[in-house]
Amino acid sequence: MGNTTHPVVDGNIQALAQLHGFISRLTGEQYGAQTPLLTRSAIGAHCRHILDMYEALVQASDEGGIVDYDFRRRGTDIERDQTLALANIERLQGWLERIPSGCLDNVITVRNEVDLTQQVSTLVESNIARELMFAASHCIHHLALMGLLAAAMGLRVEPELGVAPATASFLRSDSELAELG
């Protein structure tokens, strides 16, 4: 980690490393367990959803196409097979490590549904760096949800799981201020 030249890429590698570490500590049963009182989605479904967002970016950057966040691989083996999920996380980390810094500002088109009452998708221009910022934030927030699901199963969850970078900075500065006082 940290050997790239762009902090956005490093942040994504860190977020995926946190996901990898969390998933690798679960049993297969825990990865696929339903907790209906909290959500319809198991930890595995949240993991698959995170990977779908990254996969949309990979496809668009490789093919020069549209980042289609509406495309989802619901119900696939990644939701049930943590070994497959871990392999996909590692593949995405490798992809991030190979992204040339110069392409992060390349303009891309993003498609996403925007209406809760009917199927309406919108296309907007963005760039790879901005979408990587979204992907890392999205990953971190789903990690927080996954941590709640794990805690509901009685599992120990590291306190830094799912903490956003700005929150981590605040907590570090708040801790530093407390030490000075």
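Predicted model: local features only at pLDDT ≥ 70, side-chain atom pairs only at ≥ 80, totals over all residues.
Glu158 lies in the loop between H5 and helix H6 (165-180), while Arg25 lies in the loop between H1 and helix H2 (28-32), so the pair ties together parts that are 133 residues apart in sequence. Glu158 also meets the side chain of Arg156 in a salt bridge, with a distance of 3.3 Å from N to O, and in this way Arg25, Arg156 and Glu158 are linked in a network of salt bridges. Arg25 counts as exposed because its relative accessible area is 51%, and Arg156 is likewise exposed, with a value of 67%.

The count of salt bridges in the structure comes to seven. Another of them joins Arg111 to Asp68, where the closest N and O atoms are 3.7 Å apart. This pair links distant parts of the chain, since Arg111 belongs to strand S2 and Asp68 to strand S1, 43 residues apart. Arg111 is partly exposed, with a relative accessible area of 29%, and Asp68 is also partly exposed, at 25%.

## The sheet

The strands S1 and S2 belong to an open sheet of three strands, which has the order S1-S2-S3 and mixed pairing. Its edge strands are strand S1 (66-68) and strand S3 (121-127), each of which pairs on one side only, and the twist from one strand to the next averages 30°.

S1 and S2 run parallel and are joined by three bridges; within this part of the sheet, Ile66 stands opposite Thr109 in S2. Helix H5 packs on the sheet, where it touches S2 and S3, and the direction of H5 makes about 115° with that of S3.

## An aromatic pair

A pair of aromatic rings is described by the distance of the centres and the angle of the planes. The structure holds one aromatic pair: the rings of Tyr69 and Phe134 have their centres 5.1 Å apart and their planes at 55°, so the pair is tilted. Tyr69 lies in the loop between S1 and H4, whereas Phe134 lies in helix H5, so the pair ties together parts that are 65 residues apart in sequence.

Are these two residues buried or exposed? Tyr69 counts as buried because its relative accessibility is 4%, but Phe134 is partly exposed, with a relative accessible area of 27%.

In soluble globular proteins, nonpolar side chains tend to be buried together. Here the largest nonpolar core has 46 residues, and those with the most contacts inside it are Leu19, Ile23, Tyr54 and Leu132. The elements that give two or more residues to this core are helix H1 (7-24), H3, helix H4 (82-98), strand S2 (107-113) and helix H5 (128-152), and the largest share, 11 residues, comes from H5.

Which residues does Tyr54 touch, not counting residues up to four places away in sequence? Its contacts are Asn12, Leu16, Leu92, Leu96, Leu132, Ala135, Ala136 and Cys139.

## Glu55 in helix H3

Glu55 is placed in helix H3, which covers residues 43-63. With a relative accessible area of 13%, Glu55 is buried, because buried means a value under 20%. Apart from residues up to four places away in sequence, Glu55 touches Arg73, Arg91 and Leu92.

Conventions
Residues numbered from 1 in each chain as written. Heavy atoms only, no water. Helix = DSSP H or I, 4+ residues; strand = E, 2+ residues; numbered from the N terminus. Buried < 20%, exposed > 50% of the residue type's maximum accessible area, 1.4 Å probe, protein only. Contact = heavy atoms within 4.5 Å. Core = buried A, V, L, I, M, F, W, Y, C linked by side-chain atoms within 4.5 Å. Pairing = 2+ DSSP bridges. Axes fitted to C-alpha atoms, helices over the stretch in contact; angles between N-to-C directions. Phe/Tyr/Trp six-rings, centres within 6.5 Å; stacked < 30°, edge-to-face > 60°. Salt bridge = Lys/Arg side-chain N within 4 Å of Asp/Glu carboxyl O.
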